[in-house]
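Reader: Could you show me the sequence and structure? I would like to ask some questions about the fold.

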Amino acid sequence: MSKHGGDDLDDDFVPDELVALSEEEDAYHSPENEDITALLSADEAEPDKEEIARTEAATAKKRKRREKEKERKAKKKQNVAQAVNTVETSVAAQTPLVLTDYLSSMQEKTYSKMSAIELADMRIPESSIVDTTMWTGSRNLDQLVEFITEVLPTLRTRLAQRPKANGTPTLIFVAGAALRVADATRILRDKTLRGEKGGEVAKLFARHFKLEEHVGYLKRTKLAVAVGTPGRLGKLLCDTDALSTSQLTHIILDVSHRDAKKRTLLDILETRDEVFKTVLGCPSVLGRIKEGKVQIVLL
């Protein structure tokens with residue numbers, strides 16, 4: 001028996017388990033195993049360099065396309081913000097490029113479930129929006145006659161001509177409420193615009209007037225201008241043949257006017273939807289806009 005106490009293991013004793021692990025590691029790194037490892041690696045197919053190049057090129061192309069789309073959306077957002085953040089009554093005074101994006105953003109709210117491709121088909125082209133940036137006066141009704149005379153001389157000339165058929169206006173003026181329609185009608189009946197030969201100016205809104213009454217009136221009247229709310233104009237355009245677009249050249253959207261709650265024609269959900277779905281979205285109207293026969297004016 002040892003006189004030292006404690007365990008009886010020698011100081012340099014290594015447990016069998018550690019010895020076994022060490023031996024296995026040495027065996028793994030032996031020349032024979034190195035040869036086997038090399039053979040296994042050789043059996044694995046080397047990556048196809050052409051395939052890698054194609055994959056990298058496709059990835060780069062997708063990344064570039066995403067960046068370009070992101071840049072386009074950022075620019076559109078900036079243009080819309082520029083239009084909306086201007087002085088309250090001067091949104092319409094922006095350039096056609098800015099107004100194109102502004103109208104497009106309003107359309108997206110109306111057609112929220114449409115795909116990007118479907119929205120593109122409904123988009124009002126920049127070429128169909130009149131540049132009114134040269135006008136520095138009021139965009140309210142008090143200077144509407146002067147606005148048309150200076151900014152829209154072609155329309156001014158046509159308004160003074162006698163219409164050839166009934167129910168075929170040259171101009172459609174879209175306002176958000178009946179009272180505004182009545183005020184605009186009174187201004188547009190000014191002889192300065194229509195002279196002695198110009199057609200009538202129709203006042204079209206649902207309050208106090210049945211749709212059938214307006215249909216009968218339009219079918220027997222030679223029109224220069226149809227002034228109305230988008231709801232009544234839309235029904236006449238889409239649901240009847242009383243309001244023809246065959247001679248239509250201009251549509252004025254009364255977007256600068258604000259109601260008691262500071263909302264514009266396109267701020268109010270109902271009127272915005274009616275403008276884009278039943279007036280500008282009416283097939284006969286949208287077709288003439290895309291053909292360049294009808295121009296959109298933001299007052």
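Author: The questions below cover confidence, the sheet and the helix packing. This is a predicted model, with residues numbered from 1 along each chain as its sequence is written. Local features need pLDDT of at least 70, side-chain atom pairs count only at pLDDT 80 or more, totals for chains, interfaces and linings use all residues, and side-chain values use heavy atoms, with hydrogens and water left out.

Reader: What percentage of the residues score at least 70 in pLDDT?

Author: pLDDT is the predictor's confidence in each residue, from 0 to 100. The protein averages 83. The share of residues that score at least 70 is 78%.

Reader: How many contacts beyond four places in sequence does the model have for residues 1–31?

Author: Contact means heavy atoms within 4.5 Å. Over residues 1–31, pLDDT stays under 50. The number of contacts beyond four places in sequence for this stretch is five.

Reader: Which residue of β3 stands opposite V174?

Author: β1 (residues 171–174) and β3 (residues 223–228) pair in the parallel sense. Their pairing runs over four bridges. Opposite V174 stands G228.

Reader: Are α11 and α12 roughly parallel or roughly perpendicular to each other?

Author: Two packed helices are described by the angle between their axes and the distance between the axes. The axes of α11 (residues 230–239) and α12 (residues 269–279) come within 9 Å and cross at roughly 15°. Angles under 35 degrees count as roughly parallel, over 145 as roughly antiparallel, 65 to 115 as roughly perpendicular and the rest as oblique. So α11 and α12 are roughly parallel.

Reader: How many charged residues are in the contact of α4 with α12?

Author: α4 (residues 96–110) packs on α12 at about 100°. L103, M106, Q107, K109 and T110 in α4 meet R272, D273, F276 and K277 in α12. Asp, Glu, Lys and Arg count as charged, Ala, Val, Leu, Ile, Met, Phe, Trp, Tyr, Cys and Pro as nonpolar, and the others, Gly among them, as polar. The contact has three nonpolar and two polar residues, and the number of charged ones is four.

Reader: Is the crossing of α10 and α11 left-handed or right-handed?

Author: The axes of α10 (residues 211–219) and α11 come within 11 Å and cross at roughly 60°. A crossing is left-handed if the near helix is turned anticlockwise from the far one by less than a right angle, and right-handed if clockwise. The crossing of α10 and α11 is right-handed.

Notes: Axes are lines fitted to C-alpha atoms, for helices over the stretch in contact, and angles run from 0 to 180 degrees between N-to-C directions. Helices (H or I, at least four residues) and strands (E, at least two) are DSSP runs, numbered from the N terminus. Two strands pair if DSSP finds at least two bridges between them.
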